[in-house]
Amino acid sequence: MKTMKTLLSLALVSVISTGCASMQGAAPQLAAAPTNKVILKSEVKWDHLNPKRGDLAPKAGTLWGDRKGTEPTGFLLKPNDGFESPPHIHNVSYRGIVITGVIHNDDPAAANMWMPAGSFWTQPKGEVHITAAKGTDSLAYIEIEEGPYLVLPKEEAFDSGERPVNVDKSNIVWLGAAELSWVDPPGSAGSANGAKMAFLWGHPQNGQLSGTLMKLPAGFRGKIHSHGSTFRAVVIQGQPQYQVPGEAEAQTLEPGSYFSSEGESLHLVSSAAADESLIYVRTDGKFEVIPEQRKK
């Protein structure tokens with residue numbers, strides 16, 4: 001297998017708004033009862049990814065779904081420093097994003113390509129590979145579209161027709177409102193200091209399921225307005241503050257923390273004055289990132 005270190009095609013995943021006139025003075029029509037949920041990294045319950053290997057296997061902590069069931073699932077992967085798996089396959093394909101440490105995932109004969117935090121990769125089902133990690137607190141987010149997620153011996157390898165992708169953090173291109181003007185709401189003005197997006201997978205232009213990296217600048221204050229039936233987000237970098245609508249206090253979300261909602265919803269978020277925030281978003285509809293209006 002030859003690792004593909006290539007830039008993924010980029011496309012719009014959301015509408016980036018810097019104060020659209022059509023939004024001012026009209027509150028979004030949302031469900032009567034907020035469905036927002038938050039799981040802090042400190043609240044995640046861990047078990048072994050491969051129980052047959054016990055402590056030799058990475059730990060896994062489910063954020064949503066059930067990797068032992070049949071439904072789509074998102075979970076955290078926590079390998080030990082210096083971990084290297086034996087050659088193996090999985091019965092299902094998965095996507096991964098590095099949160100902390102560095103991770104290598106490739107054909108057993110391939111040279112090491114260590115992916116730092118913010119990098120993205122895909123692993124096709126049936127393809128023999130190894131996974132390795134360096135760092136005392138290595139962490140990644142893993143996502144599957146069907147379960148159960150199984151680790152199987154290399155002798156059971158098969159060709160699914162899919163091919164792997166490894167995208168180093170340095171190869172991800174970020175798009176801001178100015179570059180995405182063809183989908184901005186009427187009257188919206190692009191801001192060089194606003195939120196930026198990098199499309200990873202899916203078909204967002206048709207309102208279908210997709211995955212995006214969203215970068216909020218340091219000092220950002222505002223809201224994410226989700227229009228899809230589901231909205232799932234995992235903090236990759238930074239320490240953003242998150243406030244459930246209707247609740248008085250905001251929570252600090254360290255990398256690996258998760259927030260979600262069902263149906264049309266609002267998410268109140270802010271970044272520290274000195275740190276930008278990187279958040280992975282999975283949704284089946286458009287969403288708007290709306291900065292707080294500064295008082296003149």
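This briefing walks through a sheet, a set of salt bridges and one threonine.

The model is predicted, so keep the thresholds in mind: local features need pLDDT of at least 70, side-chain atom pairs count only at pLDDT 80 or more, and totals for chains, interfaces and linings use all residues. Residues are numbered from 1 along each chain as its sequence is written, and side-chain values use heavy atoms, with hydrogens and water left out.

**The seven-strand sheet**

- Seven strands make up an open sheet in the order β3-β4-β5-β9-β7-β8-β11, with antiparallel pairing; strands here are DSSP runs (E, at least two residues), numbered from the N terminus, and two strands pair if DSSP finds at least two bridges between them.
- β3 (46-48) and β11 (165-167) sit at the edges with a single partner strand each, so one side of each has no neighbour in the sheet.
- From one strand to the next, the twist averages 30 degrees (axes are lines fitted to C-alpha atoms, and angles run from 0 to 180 degrees between N-to-C directions).
- Strand β5 (residues 73-78) has five of its six residues buried, so it is largely enclosed by the rest of the structure; buried means under 20% relative accessible area, exposed over 50%, and partly exposed in between, using a 1.4 Å probe and protein chains only.
- On one hand, β5 pairs with strand β4 (residues 59-64) in the antiparallel sense over five bridges, and Lys59 has Lys78 as its bridge partner in β5.
- On the other, β5 pairs with strand β9 (residues 130-144), again antiparallel and over five bridges, and Thr73 has Ile144 as its bridge partner in β9.
- Strand β8 (residues 120-123) runs antiparallel to β11 and is joined to it by three bridges; Thr122 finds its β11 bridge partner in Val165.

**Salt bridges**

- The count comes to nine salt bridges, with the rule being a side-chain nitrogen of Lys or Arg within 4 Å of a carboxyl oxygen of Asp or Glu.
- Glu143 and Arg95 form one of them, their closest N and O atoms being 3.0 Å apart. Glu143 lies in strand β9 and Arg95 in strand β7 (residues 94-106), so the pair ties together parts that are 48 residues apart in sequence.
- Both Glu143 and Arg95 are buried, and for Arg95 the relative accessible area is 16%.
- Arg95 also forms a salt bridge with Glu145, where the closest N and O atoms are 2.8 Å apart. This pair links strand β7 to the loop between β9 and β10 (151-153), with the two residues 50 apart in the chain.
- Glu145 is partly exposed, at 31% relative accessible area.
- Arg221 and Glu292 meet through their side chains in a salt bridge of 3.5 Å, N to O. Arg221 belongs to strand β14 (residues 221-226) and Glu292 to the segment after β21 (287-291), 71 residues apart.
- Both ends of that pair are partly exposed: Arg221 has a relative accessible area of 44%, and Glu292 has 40%.
- Shared partners join Arg95, Glu143, Glu145 and Arg282 into one salt-bridge network.

**Thr252**

- Thr252 is found in strand β17 (residues 251-252) and counts as partly exposed, at 40% relative accessibility.
- Neighbours within four places in sequence aside, Thr252 is in contact with Leu40, Gln239, Pro240 and Gln241 (contact means heavy atoms within 4.5 Å).
- The side chains of Thr252 and Gln241 make a polar contact at 2.2 Å; that term covers a pair of N or O atoms within 3.5 Å, where within protein one must be able to donate a hydrogen and the other to accept it, and residues adjacent in sequence count only if both atoms are side-chain atoms.
- Thr252 and Val269 are 17 residues apart along the chain, with their C-alpha atoms separated by 9.8 Å.

Conventions: Helices (H or I, at least four residues) and strands (E, at least two) are DSSP runs, numbered from the N terminus.
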